[in-house]
Amino acid sequence: MTLYEKITTLYTELTSDDFAPEGTIMLQNDSDGKGDYIKEWNHPTLAKPTQEQLDGIQ
Amino acid sequence: MTISIKPTASGSTIEQDGSTILTVDGSGNITPSNNLYPKVPAFIAYNDGTQSLSAATSTKLVFDHEEADTENAYDTTNYRYTPTVAGYYQINAKVYYTATSNPFVMLFKNSTNVNRLGGAGSGALGMQGGSALVYMNGTTDYLEVYAYNNLAITLGAGASNLMYFNGFLVSV
């Protein structure tokens, strides 16, 4: 499961617009082998998920 | 340094310290001994394979091949251009999307998105990209290209003219 899938599983109210370049959440992958990560989280109401929360989603 | 002008049968020559640097014929046409055009910093990088893009994730594009790099300033390991001459650079990038869903191609300077090179439409495959004029300090500034799509897709189709990143110095 990708990071995007985990986050949208945790917060079902999020839409793809939230992740678009003008959105409040920015996921990034620097093609360095380290995978996807949360670059910016500026959502007005939802808290940035912790690593534990993300790891708990299967 | 000694500069001298010497007449010849068909015109004249201009010499610097005894060596001809310019030849002028009887009609006023000037021929330099060396190319008058300076070597301008420029690079051409490309990806002739494919690259996976996770859904809704801005991903650095893997331009891991070079066609040209006049100053050895493009890094094929980190997919990054760090010019060694300060000035304004024309930067171009194009990416082949096998499907589009709110696609964006973005130019990152020093890891920050500074320019949307392109992105429009949803549904069809096609090229996304564009150009930008960017000032670079010639020492630490670097450029990278990222792509975004709402849905997970594959970029590229195995040809070097479908995914490229290039640029050149326009003015110091």
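Two strands count as paired if DSSP finds at least two bridges between them, and strands themselves are DSSP runs (E, at least two residues) numbered from the N terminus. Here, strand β1 (residues 25-29) of chain A and β7(B) run parallel and are joined by 3 bridges. This is a predicted model, where local features need pLDDT of at least 70, side-chain atom pairs count only at pLDDT 80 or more, and totals for chains, interfaces and linings use all residues. Residues are numbered from 1 along each chain as its sequence is written, chains are lettered from A and ligands numbered from 1 in the order in which they are written, and side-chain values use heavy atoms, with hydrogens and water left out.

**Where the chains meet**

- Chain B brings 19 residues to the contact and chain A brings 14 residues, with contact meaning heavy atoms within 4.5 Å.
- About 1,300 Å² is buried between chain B and chain A, and carbon and sulfur atoms give 52% of that; buried area is the accessible area (1.4 Å probe) that two parts lose on being put together, summed over both.
- Ala56(B), Thr57(B) and Ser58(B) supply 27% of what chain B buries against chain A, more than any other three residues.
- In the strand pairing, Ser58(B) in β7(B) has Gln28(A) standing opposite.

- Arg116(B) and Glu22(A) meet through their side chains in a salt bridge, at 2.9 Å from N to O.
- On the side of chain B that touches chain A, β7 (57-60), β12 (104-109) and β15 (143-148) each supply at least two residues.
- The largest share of that side, 4 residues, comes from β7(B).

- Most residues other than glycine have a negative phi.
- Asp17(B), not a glycine, has a positive phi of about 50°, and its place is in the loop between β2 (11-16) and β3 (19-25) of chain B.
- Asn110(B) also has a positive phi, near 55°, and is found in the loop between β12 and β13 (112-118) of chain B.

Note on methods
Salt bridge = Lys/Arg side-chain N within 4 Å of Asp/Glu carboxyl O.
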